[in-house]
Amino acid sequence: MPKAAAPAIPNLNPDSLARFVDPLPIPAIARPLGRKAVPGQTGLDAPFYRVAMREIMAKLHRDLPPTRLWSYGGSVPGPTFEARGGQGLLVEWANELPEKHLLPIDHSLHGAEKSTPEVRGVVHLHGGKTPPESDGYPEDWYVPGQSRTYFYPNKQDATLLWYHDHTMGINRLNIYAGMLGLHVIRDEAEDALQLPRGKYEIPLVLMDRDLRVDGQLSYPVSPDDAKPWVPEAFGELHLVNGKLFPYLEVEPRKYRFRVLNGANGRFYRLSLTNGGEMHQIGSDQGLLAAPVSVSAVNLAPGERADLVVDFASHRGTQMLLMSDAFELMQFRVSGAAVTDTSALPAVLRPVPRVAESEAVLTRRLTLDEQLNPVAESMGMLLNKTPWHMPITEKPVLSTTEIWELVNLTDDTHPIHLHMVRFQILDRRRFDAFEYMTAGTLRYVGGSIPLEANEMGWKDTARVNAKTVTRIIVPFVGYPGRYVWHCHILEHEDNEMMRPYEVVKS
Ligand code: C2O
Ligand code: CU
Ligand code: CU
């Protein structure tokens, strides 16, 4: 892999920062301005929100000067949308960004040519079952001074979604600059469970970043000035809800944590110190059938985990949230006795497995890495096909397909499909050399058991190196053009993304 060039201004050493001196911020709840008619739907109106994309200066840590970021609505993460299942909402996303980008654009990438405006934005609701005209197609970007109004029907199960930028060729930079936020859908089935709620339900948005010693964002670049793209960006500092090393004061009782991996490329592996126990109750697309006791939670970029932690037996102590050896945040458990009426039910929601026999079609799709003659990564592809080639995947609306994701690369790629939810069927190792030379798929070994917390509905799945991961996808929702891609944003921006189209039968 090409080495990143040494930054002009050195990066901040994480060990130079005092830990756990800032309280954990909680993003504000978005407030509608009123109601408006839903375009194209006679007689239907919905709450109307307006959110501006704009540059801000934000304190990421008590001892750092403010950092220049790009936000939705003036904070990073942006405001959280609270929605009820089946109750739509309208958002006007206004581009009020400055005319110059704050991070280094690679004009050699498709969609980011010198002829395109430097600053562009378009918003996608990740995990949303959204009509195509409101889904934030990567080429539907618009420039400062313009806005678009999108309609989100929210006709889906209760879960945690997130919105983020999706602009062709600069998506990784816009998101690194801060352009993301949460969107929660609730429903009666979930309300009835009496899970911890209100101030006992806490979102945790995880993002890694590098900062320069002057507190400003540092994004890695290659040594080639004309092609600054790097295949992966990993930061040494970890923001939780936009703060470095925050702390949270908790009562000795149950809490529900809604966790998002919003990083460009980092995989988090979460655990608690001091004997803290986690129960995972949900994943990307809602509740699991039953809680799963987990000692560590793997989260690839784009994935979410819904966790319940009971601090009752930890009165007066402290506990850290870790990712491998990184300290992310601290919990300070108060000593006062409290009554906790919330529940961790033994059964959450039926999640029937989709039978393989329901699939009308199986597609075999490869994940490929292109290397240059000195074995440096030139980028990744899906099915050896760049973005601009004609659409090859055209599932029929309301049918079910199996996608066999054949990973020929040496990395795990989190693969995400827009509009749909799916289940992971299995993972199996295979002989990649034989596949590449003879074109035959020969499995080596049986299927690798899925983790219990991967048995629910998903929208992003880890496709492990040299492994075939099979997913089963009911294409239920709307006809039209969508995308599927790797959620490592550096890969997505450099051709590891393809359009697909849901067609009417
Ligand atoms: Cu998180 Cu194409 O999305
Ligand atoms: Cu998405
Ligand atoms: Cu990838």
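**View 1. Arginine 462 and glutamate 303 are both buried.** Here, buried means under 20% relative accessible area, while exposed means over 50% and partly exposed lies in between (1.4 Å probe, protein chains only). The two side chains meet in a salt bridge, 2.5 Å from N to O; a salt bridge is a side-chain nitrogen of Lys or Arg within 4 Å of a carboxyl oxygen of Asp or Glu. The pair links distant parts of the chain, 159 residues apart: arginine 462 sits in strand β29 (residues 460-463), and glutamate 303 in the loop between β20 (297-299) and β21 (304-310). Helices (H or I, at least four residues) and strands (E, at least two) are DSSP runs, numbered from the N terminus.

A word on what you are looking at: this is a predicted model, in which local features need pLDDT of at least 70 and side-chain atom pairs count only at pLDDT 80 or more, while totals for chains, interfaces and linings use all residues. Residues are numbered from 1 along each chain as its sequence is written, chains are lettered from A and ligands numbered from 1 in the order in which they are written, and side-chain values use heavy atoms, with hydrogens and water left out.

**View 2. A network of salt bridges includes Arg462 and Glu303.** Also linked in this network are Asp284, Arg304, Arg427, Glu451, Glu454, Lys458 and Asp459. For the model, the count comes to 42 salt bridges.

**View 3. Arginine 470 and aspartate 426 meet through their side chains in a salt bridge.** The N to O distance is 2.8 Å. Arginine 470 belongs to strand β30 (residues 467-474) and aspartate 426 to strand β28 (residues 423-429), so to speak two distant parts of the chain, 44 residues apart. Both residues are buried.

**View 4. Glutamate 251 and lysine 199 form a salt bridge between two loops.** Their closest N and O atoms are 3.7 Å apart. Glutamate 251 lies in the loop between β15 (246-250) and β16 (254-261), and lysine 199 in the loop between α2 (188-191) and β11 (201-211), so the pair ties together parts that are 52 residues apart in sequence. Lysine 199 counts as exposed, at 60% relative accessibility.

**View 5. Four strands make an open sheet in the order β5-β10-β9-β7.** The pairing is mixed; two strands pair if DSSP finds at least two bridges between them. At the edges, β5 (81-84) and β7 (123-126) each pair on one side only. Strands β9 (residues 159-165) and β10 (residues 180-186) pair in the antiparallel sense over six bridges, and leucine 161 stands opposite histidine 183 in β10.
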